[in-house]
Amino acid sequence: MESIRLYFKYVKLSIESQLQYKASFIMMVIGHFLITFIEFLGIWALFQRFGNIQGFTFEEAALFYGIVHIAFAITEGWTRGFDIFPRLVRLGDFDRILLRPRTTVLQILGYDFQIMRIGRLCQGLVVLIWAAIRLNIKWTIGKTLLLFGSIIGGNFLFSGLIVLQATLSFWSVQSLEIVNSFTYGGVQAAQYPISIYKPWFRKILIYIIPLATVNYFPAMSILGKTELYNYPIWLGWISPLVGTMFFLLSLLVWQIGVKHYTSTGS
Amino acid sequence: MKPFISIIKIRFNLMLQYRVAAFAGGVTQFFFGMVMIMVLYGFYNSSSGEIPIDYKVAVTYIWIGQAMLGMLPWNGDREIQDLIRTGNVTYELVRPMNLYNYWFARAFALRTAPTLLKSIPLFIVVLLLPKDYSMELPLNMLSFIGWIVTTFGALLISCTITNIINITTLYSISGDGIQRLLSSIVTLFSGMIVPLPLFPDKLKQILNYLPFSGLVDIPARFFTGEIPFYQLFKYFLFQCIWALIIYILGQWILNRKIKDLIVQGG
Amino acid sequence: MVIVANQLSKEYKIGQRKSGIVGGLQNIIHKEYKIVKALENISFEIGEGELVGYIGPNGAGKSTTIKILSGILTPDSGECKVLGKVPYKERINYVKDIGVVFGQRTQLWWDLPVIDSFELLKDIYKIPKGDYIKVKKELIEWLNLESFINTPVRQLSLGQKMRCELAASLLHSPQVLFLDEPTIGLDAISKLAVREFIKKLNKEKGVTVILTTHDMDDIETLCNRVMVIGKGQILLDGSLETLRNTVSKDRRMILETYEGTNGFSINGATLIEEEKNRLMIDFNPDIITPAELINILSTKYKIKDILIENTPIEEIIAKLYGELNI
């Protein structure tokens, strides 16, 4: 509990220091909004050309997109310290973290909380709301819970990927890009319904990097398409659980990385 | 000319040393390419209408784009930007050569060395993939020549845009936001993410006249034979004109800024 | 003993790069590694309240030792105990008892007032409120921080920053303090202030201090004990006097005369430098006492002024490194 209080104190300080540069902060928020908007333009172009993808309309795809990007924006905000971890090592900030009587995870999460990612979050939200209105979704308690569950699960899954990415940098900073591509490629892949993919790729997204579990199944339940695709309904509900599990697992791997660091000092 | 050649040589050498980074970059681009192709596969399988380019052409187009990613002006020259951030750029002004051309030479090396290193293995791998994902070689030698020539044109445009990104750092130190915005515009409007022929027709007409189409779209369309060889002169001229315009623009902005710097005393 | 280090060893593996285009391509295929021995069986003990200077050229193993002692690095072999704990085995439990200052890095939040960093550190170290208020007040007073405690760190001068840095590392009242080049880059006045503070802290609070530095004035004004490290081994461990005597017993005499000399030869004394009637002479007191030397010189020249001093420690260290080929 005490650690959570400390975490929020970190967050408060981080936000305060970002607000020191108001103009540049606002620019960054707008920037992030526009960047994601431009990315979304690509999806729009494809639907303009092809009309639909495997029976999914643009609006339905937009729902997937919205959920994934809201989740990922939250991840980018609160795991920034892990995302820029190689820099922490290079500047010696990680050594400083090791010199403090707190867990490394808490301190790295507290290192930076990027609220400018709210730009992406807003864009995701706009797309999600637009899609929900166009699709005329009736927000029952169940569907609302599924939505939140999916966002939470997605966030923890992406966060886990970012932690793994940081862990890898204990061994090789240069190969970081690979994991980075899994994270960003994963986001790219998950913004479409996974049923459009070939079975082998779908399996990766269900079992190895369980993006589908945290995003696809709940979204299908929200769309009311579960019967159509023969998935058991409960799969939509385990999203937060799967996401959290993945995150905790990545924290275990992280500990191995820290041990490696303190024994090589590289 | 001689100092520029030696700059290019030194940079080239330096970049070749980052073998792991190059490998990682190759894997990343492979992964991204696969995700995109998977998405396109889904789209092509669900449309019965008339599509401007065939699936196989689109796949080849995507791979060309991925292989050439390193050549795209999606970021600035990190060292130059660090020089600007730390204020050490004043030392650069002392060098007995045109600063813009010096940066241009560096950009040239930055855009070619890693690309060569990444693209050749990537080409080999993607040629050997199962036929749903594989790249196809040009039907005749002329398409290949057209591709080589327009790739050189793309390189010229890329270096001039890279320089523009470097120069924007002079104007706003935390130019991170503008840079990322520019990079997402470049990746989308060049055809990297969605092949330009697949864009809605009206938008496509505008995009065809922007310099970004010269980066990926034109070379890829020569490679796939979508543009016949006899039009090579016209398209190459188009690239050169844009490169010249951006070159002059960059020189002009930089010179103005240098004057300011000298007046303010750095 | 507060610190006991026993046979500590540490090796690093460093990738070798070949140059040139051919070499670059070779690197792609096969990379070679070189083993560097940063520490080789180092042993020492430091007692409570000691103020020890830890010196050596760059890359000699100074920071490796500090990293091991502060728990960020695990040695390959050997063991060490600080305050009865093994630093690298119980990190969180251990680090709350020590303070570490890195001269070139900062632990303060760049964009925020100094006091905000202090408040956060209070929570990080779980310092009881009463203790925090008391210690903070004392540190602000000792280091004279009052006037800029509410200023964002980025606006502080290097000297002010270092003073805040020291305070930040001491809020939790550590019993052992590691200082890694605390005076690097500071102006003369700030250096004096920092030294003054370290001395006071050591004397009044009995904090054990281990200090690495390249500034021999730090050593001369602060340390009663010096450890010299080179090539991963401790070359010398003792008082400043021991260090002097090991390298050479020479003292230095500076003489001003009214007329120039043309060099001289006196047994046991050498002329190091002569410039505008100012002579710098090193002599060995075992062979010739200062009185004898002055006697001889005063018969030769008309003397204006005499000054006898110790050879600067910097030169001694340089000599020591030279003798040991490092």
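Six bridges join strand S10 (residues 251-257) of chain C to strand S12 (residues 278-283) of chain C, and the two run antiparallel. Helices and strands here are DSSP runs, numbered from the N terminus, with at least four residues of H or I for a helix and at least two of E for a strand. Two strands pair if DSSP finds at least two bridges between them. Within this pair, Glu256(C) stands opposite Arg278(C) of S12(C).

Before I go on, this is a predicted model, in which local features need pLDDT of at least 70, side-chain atom pairs count only at pLDDT 80 or more, and totals for chains, interfaces and linings use all residues. Residues are numbered from 1 along each chain as its sequence is written, chains are lettered from A and ligands numbered from 1 in the order in which they are written, and side-chain values use heavy atoms, with hydrogens and water left out.

Back to chain C. S10 and S12 belong to an open sheet of four strands, in the order S11-S12-S10-S13, with antiparallel pairing. Strands S11 (269-275) and S13 (303-310) of chain C are at the edges with a single partner strand each, so one side of each has no neighbour in the sheet. On average, neighbouring strands of this sheet are turned by 20° against each other, direction ignored. Helix H10 (residues 290-300) of chain C packs on the sheet and touches S10, S11, S12 and S13 of chain C; its direction makes about 25° with that of S10(C). Contact means heavy atoms within 4.5 Å. Axes are lines fitted to C-alpha atoms, for helices over the stretch in contact, and angles run from 0 to 180 degrees between N-to-C directions.

How is chain C divided? It has domain 1 (3-245) and domain 2 (249-310), with bounds from an automatic or database domain assignment. The C-alpha centres of these two domains of chain C are 41 Å apart.

Chain C also has an open sheet of six strands, in the order S5-S6-S7-S3-S8-S9, with mixed pairing. Its edges are strand S5 (98-102) and strand S9 (233-238) of chain C, each with a single partner strand, so one side of each is left without a neighbour in the sheet. The twist averages 15° from one strand to the next. S5(C) pairs with strand S6 (residues 176-180) of chain C in the parallel sense over five bridges, and Phe102(C) stands opposite Asp180(C) in S6(C).

Next, a helix pair in chain C. The axes of H5 (residues 129-143) and H6 (residues 158-170) of chain C come within 10 Å and cross at roughly 155°. H5(C) and H6(C) are therefore roughly antiparallel, a label for angles over 145 degrees. The contact is made by Val135(C), Leu139(C) and Leu143(C) of H5(C) with Arg163(C), Leu166(C), Ala167(C) and Leu170(C) of H6(C).

Now chain A. Helix H2 (residues 22-50) and helix H3 (residues 58-78) of chain A pack at about 155°, with axes 11 Å apart. That makes H2(A) roughly antiparallel to H3(A). Among the contact residues are Phe40(A) and Trp44(A) of H2(A) and Tyr65(A) of H3(A).

Last, the record. An unreviewed UniProt entry places the feature "transmembrane region" at several spans of chain A, including residues 115-133 and 204-223. UniProt positions follow the numbering used here, feature names are shortened, and annotations may be inferred rather than shown by experiment. Residues 115-133 of chain A are 84% helix and 0% strand, with end C-alpha atoms 27 Å apart.

Methods:
Angles under 35 degrees count as roughly parallel, over 145 as roughly antiparallel, 65 to 115 as roughly perpendicular and the rest as oblique.
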